[in-house]
Amino acid sequence: MKAGRQFSAVAAAVLVSIATGSTIRGAPQAQNASAAAAATDAKQRPGFQTARPASVQDGEHDFDFVIGTWKSHVRRLQKPMTGSTSWIEGDATVSVRKIWNGRGDLEEIELTTPAGHLEGLTLRLYDPQARQWRLYWANASQGVLTSPVSIGEFRDGRGEFYDQETLDGKIIFVRHRFSEITPKSYHFEQAFSADRGQTWEANWIADVTRTSDEPTAPSLSAEDRNRDFDFNIGHWDVEVKRLTNPLSGNSNWTDWKGTGEVAPVWNGRASVADFELDGPTGHLQGVGLRLYNPEAKQWTISWANSRDGAIGVPVVGQFKDGHGEFIDLEQFNGRQIFVRNEFSKITPDSCYFEQAFSGDNGRTWEPNWMMTFKRRK
């Protein structure tokens with residue numbers, strides 16, 4: 001949620017307003033190479049990176065309490081930071097599923113208030129090095145992950161997450177707080193501060209009650225959606241070939257094998273891909289979020305790995321004649337390059353993904369990550 005839009009997510013940390021009405025990026029973001037061979041291998045691997053073991057002090061399971069299905073009653077201050085005392089109320093359903101066995105989660109929300117109807121999501125990912133969570137959010141009507149990102153942690157049974165945003169032309173702090181946590185309920189509150197955190201005004205308050213220990217089963221029931229990625233929904237065996245040092249003249253490839261699960265979000269208006277791979281340098285985990293922007297008629301594909309829980313630059317594109325092409329600009333070894341992701345050779349039980357880099361502004365391309373999907377029987 002953008003603070004300037006005066007709306008937040010119920011039971012999530014954030015969402016965008018209705019009041020003002022790479023991923024599978026199969027191989028995510030390009031990264032700088034390290035001098036050490038092992039570090040180079042970990043950093044340059046497209047998107048997937050080796051997960052580090054957690055210590056008992058880590059907070060990687062702090063959000064386990066929220067997995068399942070919930071109902072929520074929401075109160076929203078209509079005009080924050082104006083002295084207004086006028087609130088609007090509504091009810092929401094919330095479903096949360098695990099990512100990376102609990103080191104991340106994806107929350108879907110559907111909210112109805114007198115101001116309108118909202119579908120949104122929050123993707124929460126854990127950074128084991130910082131021992132903090134990053135919270136990303138998106139609105140189904142826009143189909144884009146928004147920024148800034150709320151970052152924080154749990155202490156003494158309470159989670160607090162902060163970011164800095166702009167409201168009516170003024171920079172403010174935004175705080176999201178999870179408290180009063182029990183197995184069956186919790187309390188969520190968003191608040192704004194215009195004096196750098198000295199005082200806070202609550203503007204979004206939600207009391208959340210569990211209805212099931214299990215998240216709502218993903219479905220493809222929505223009719224008003226783009227179906228380009230429907231072919232990828234399901235459970236897959238995957239084989240990967242990875243170029244170990246792209247754009248260097250190197251021809252050393254390594255082989256990886258693993259599994260992937262791709263599930264619909266918002267009843268098929270989006271999808272999330274969760275992968276695990278094993279290869280020469282260990283075990284890799286990654287997640288890709290595919291969101292469709294109905295106005296632009298484009299997909300964005302955002303990627304994160306379990307090493308740092310950080311979303312990279314999204315690739316943007318579309319499908320044409322059964323072929324999907326997605327491109328962005330990224331930094332690699334201190335230079336800006338083009339990155340291209342392609343989906344092709346699509347059948348009911350298989351497909352092919354390829355990532356390629358271009359160091360000459362798209363005139364020539366070097367593949368560095370090739371993934372073959374075969375549907376699990």
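Modeller: The residues that line the largest cavity are Leu220, Asn226, Phe229, Asp230, Ile233, Pro264, Gly268, Ala270, Ser271 and Trp299. This is a predicted model, and in it the largest cavity has a volume of about 50 Å³. Sorted by class, the lining consists of 6 nonpolar, 3 polar and 1 charged residues.

Two of the lining residues, Gly268 and Ala270, lead on to Arg269, which lies in the loop between β13 (253-265) and β14 (270-279). The side chain of Arg269 meets that of Glu119 in a salt bridge, with 2.8 Å from N to O. Because Glu119 is in strand β5, this pair ties together parts that are 150 residues apart in sequence. Glu119 counts as buried, since its relative accessibility is 15%.

The search for salt bridges gives a count of 19, and another of them joins the side chains of Arg131 and Asp58 at 2.7 Å, again taken from N to O. Arg131 belongs to the loop between β5 (116-127) and β6 (132-139), whereas Asp58 belongs to the loop between β1 (49-50) and β2 (68-77), so the contact ties together parts that are 73 residues apart in sequence. The two partners fall into separate accessibility classes: Arg131 counts as partly exposed at 39%, while Asp58 counts as buried at 14%.

A further salt bridge is formed by Asp349 and Arg375, whose closest N and O atoms are 3.6 Å apart. Here the loop between β19 (335-347) and β20 (350-358) supplies Asp349 and strand β21 (residues 366-375) supplies Arg375, so the parts tied together are 26 residues apart in sequence. Asp349 is partly exposed, at 38% relative accessibility, and Arg375 is also partly exposed, with a relative accessible area of 23%.

Arg124 takes part in contacts of two kinds, being linked with Asp105 and Glu107 in a network of salt bridges and also placing its charged end over the ring of Phe63, 4.5 Å from the ring centre. Phe63 in turn belongs to an aromatic cluster that it forms with Phe65, Trp70, Tyr126, Trp133, Phe154, Phe161, Phe178, Tyr186 and Phe188. Across the whole structure, the search finds 33 aromatic pairs. Another charge placed over a ring is that of Arg75, whose charged end sits over Trp87 at 4.6 Å from the centre of the ring.

Note on methods: Residues numbered from 1 in each chain as written. Predicted model: local features only at pLDDT ≥ 70, side-chain atom pairs only at ≥ 80, totals over all residues. Heavy atoms only, no water. Phe/Tyr/Trp six-rings, centres within 6.5 Å; stacked < 30°, edge-to-face > 60°. Lys NZ or Arg CZ within 6 Å of the ring centre and 35° of its normal. 1 Å grid on protein atoms, 1.4 Å probe; cavity = no way out; pocket = protein on both sides within 12 Å on 5 of 7 lines; lining within 4 Å. Points joined across faces, edges and corners; volume = space filled by probe spheres on them. Nonpolar A, V, L, I, M, F, W, Y, C, P; charged D, E, K, R; others polar. Salt bridge = Lys/Arg side-chain N within 4 Å of Asp/Glu carboxyl O. Helix = DSSP H or I, 4+ residues; strand = E, 2+ residues; numbered from the N terminus. Buried < 20%, exposed > 50% of the residue type's maximum accessible area, 1.4 Å probe, protein only.
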